[in-house]
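Reader: I am new to reading protein models. Could you take me through one part closely, and then show me how the rest is put together?

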Amino acid sequence: MPSQTSPLARARGAYQPKLPSALQEFGCAAAFAEGDPTGSIADQAQIRSHFPNTYGLPVLTFDGAGERPTKATNTAVILSGGQAPGGHNVIAGLYDGLTGLHAGNRLYGFLGGPEGLIENQYVILDDKTIDSYRNTGGFDMIGSGRTKIQTEDQFKTVAENCKALGITAVVVIGGDDSNTNACVLAEYMAANNTGINVIGCPKTIDGDLKNEWIEASFGFDTATKVYADLIGNIARDSASAKKYWHFIKLMGRSASHIALECALKTHPNVTIISEEVEEKNLTLRAIVDQIASVVRDRAAISKNYGVVLAPEGLIEFVPEVKLLIGELNDILADNSAGDPAAIGSQLSAASSAVFDSLPAAVQRQLLMDRDPHGNVRVSHIETDKMLIEMVDKRLKEWALMGEFDGAFRALNHFFGYEGRCAAPSNFDTDYCYSLGFTAAALIAADKTGYIASVRNLDRPAGEWAAGGVPLTMMMNLERRHGETVPVIQKALVQLDNAAFAHFEASRDAWAINDDYVYPGPIQYFGPSELCDQHTITMDLERS
């Protein structure tokens, strides 16, 4: 619990988040309308076979008054995966919703994420604790973790720990992997008649937990505003000093939503979108040439400066590098990081050539130990430095041919952790509180296997629609660790949607002109049009 707070934190603590009108009027004793039975987004027969007890549930929309429970219940909550602004407000909304239903309801915060459920490490959350963290960033109230609950023994232990504490519902606040785990946990609890329900909440700053019913994952709005403020500051410095190219790597290992939104907010000279690289089968050489061409064209008009944005996961979307990484994953499956020379001899001729073309530092980074999901640790790969080195080499080649006569001095940046624990924007503050309140309503309605859903997010908060979406509805089959397993499908940047189309139509002008936009810091107080604005991506997509 924080021992000291800043003036801003104290003012934010007094902010009362806005709720959808149905939850304002009826609290968490809201009734709901049921849609038709649902199916998974793909692989319906296989997904049904994996989740026979939770598959095919209807979409729920709260639309009236429901019955209040007559007895108290206990609920568990965990934060799972990486931090995202607003997590504390999900817990605050859940707490307020549950205690509003019945004064005797208890909320157990399990420490360190799913590991806390397994190890039975928890705190009982009370008014004092919740009030200390209202409208704050971070996950430090109860901590988070990336442990997966996946073995029979772990499932059994979690069920036993919950039963011993009288817990009848578990709320998992996390991204696509965490909510996949919530789906599996819900199925286990239902199949074994434990009487324990499981509800998810959509979190990830990457923005890749998104679909028709989950219009945004919480934290994306705040994180992109933080990054855009920093990018705008750098762009203004670049235009002022007129001597540096700034290469900025942004979070987003599997999708480029952050890079796209930040580009729409700030108008950098170059933005690489990973999904476009994959769709157009662009080589690493083509990407380097694209950036180098903008550097050359700006140099021709005496602009030896600029800003380049790239998502951290870019390297995995370059087709020949993706093939290389696949081969390296197989080679390193049972071994720790190896010697580049020895590894190179085990690669195919094509992948060996790609490996040899990469800077030595990137070679070493590709050989590091994999993450718990078996993936390359892309946040450790210095994509920004790699691009600088390769662009510099290309420009020197052009200079020798008389095709480049300019200066290229570059600086690199990585904006990631700066945005994960920021004080949430008004949008995320309201959205997260509404998600927590909605989770409490789903618990009150004795639902399981759902993810809390708050929709119509481009409208004022009072017009938002709250309800629940079956977790199985978002599932498909994917290869993980050499096995085909059910997982929630990641939402990538769609090249045919309005947000990308707007970017594509504008980027040539942004490349040459200093059309930089300087968004400034997040505004918490003032007129709604200044403080409650949502992302440009959402505006374009929903218009």
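Reader: In which loop is Asn456 found?

Author: Asn456 is found in the loop between strand S13 (450-455) and strand S14 (465-470). Keep in mind that this is a predicted model. Now look at the backbone. Phi of Asn456 is near 60°. That is a positive value in a residue other than glycine. Next, is Asn456 buried or exposed? The relative accessibility of Asn456 is 18%. Buried means under 20%. Asn456 therefore counts as buried.

Now take another asparagine. Asn193 has a positive phi too, of about 50°, and it is not a glycine either. Asn193 is found in the loop between helix H8 (176-191) and strand S8 (197-202). Its relative accessibility is 68%. Exposed means over 50%, so Asn193 counts as exposed.

Find it between strand S2 (58-65) and strand S3 (74-80). At 75% relative accessibility, Glu67 is exposed. Glu67 and Gly13 are 54 residues apart in sequence. In space, their C-alpha atoms are 31 Å apart.

Strand S3 pairs with S4 in the parallel sense, over 4 bridges. Strand S4 covers residues 106-110. Of its 5 residues, 4 are buried, so S4 is largely enclosed by the rest of the structure.

Next comes an open sheet. It has 4 strands, in the order S10-S11-S9-S12, and the pairing is parallel. Strand S10 (270-271) and strand S12 (410-415) are the edge strands, as each pairs on one side only. Look at strand S9 (residues 245-250) beside S12. The two run parallel and are joined by 6 bridges. Within this pairing, Ile248 has His413 in S12 as its bridge partner.

A helix packs on this sheet. Helix H9 (residues 220-241) touches S9, strand S11 (306-311) and S12. The direction of H9 makes about 170° with that of S9.

What does Thr224 touch, leaving aside neighbours within four places in sequence? The contacts are Ile258, Glu261, Cys262, Lys265 and Thr535.

Last, look at two helices together. Two packed helices are described by the angle between their axes and the distance between the axes. Helix H12 (residues 284-299) and helix H17 (residues 383-400) pack at an angle of about 65°. Their axes are 9 Å apart. Angles of 65 to 115 degrees count as roughly perpendicular, so H12 and H17 are roughly perpendicular to each other. Their crossing is right-handed.

Which residues meet there? From H12 they include Leu284, Ile287, Val288, Asp289 and Ile291. From H17 they include Met386, Leu387, Met390, Arg394 and Trp398. By class, the contact of H12 with H17 has 12 nonpolar, 1 polar and 5 charged residues.

Definitions and conventions: Residues numbered from 1 in each chain as written. Predicted model: local features only at pLDDT ≥ 70, side-chain atom pairs only at ≥ 80, totals over all residues. Heavy atoms only, no water. Buried < 20%, exposed > 50% of the residue type's maximum accessible area, 1.4 Å probe, protein only. Pairing = 2+ DSSP bridges. Contact = heavy atoms within 4.5 Å. Axes fitted to C-alpha atoms, helices over the stretch in contact; angles between N-to-C directions. Parallel < 35°, antiparallel > 145°, perpendicular 65-115°, else oblique. Left-handed = near helix turned anticlockwise from the far one by under 90°. Nonpolar A, V, L, I, M, F, W, Y, C, P; charged D, E, K, R; others polar.
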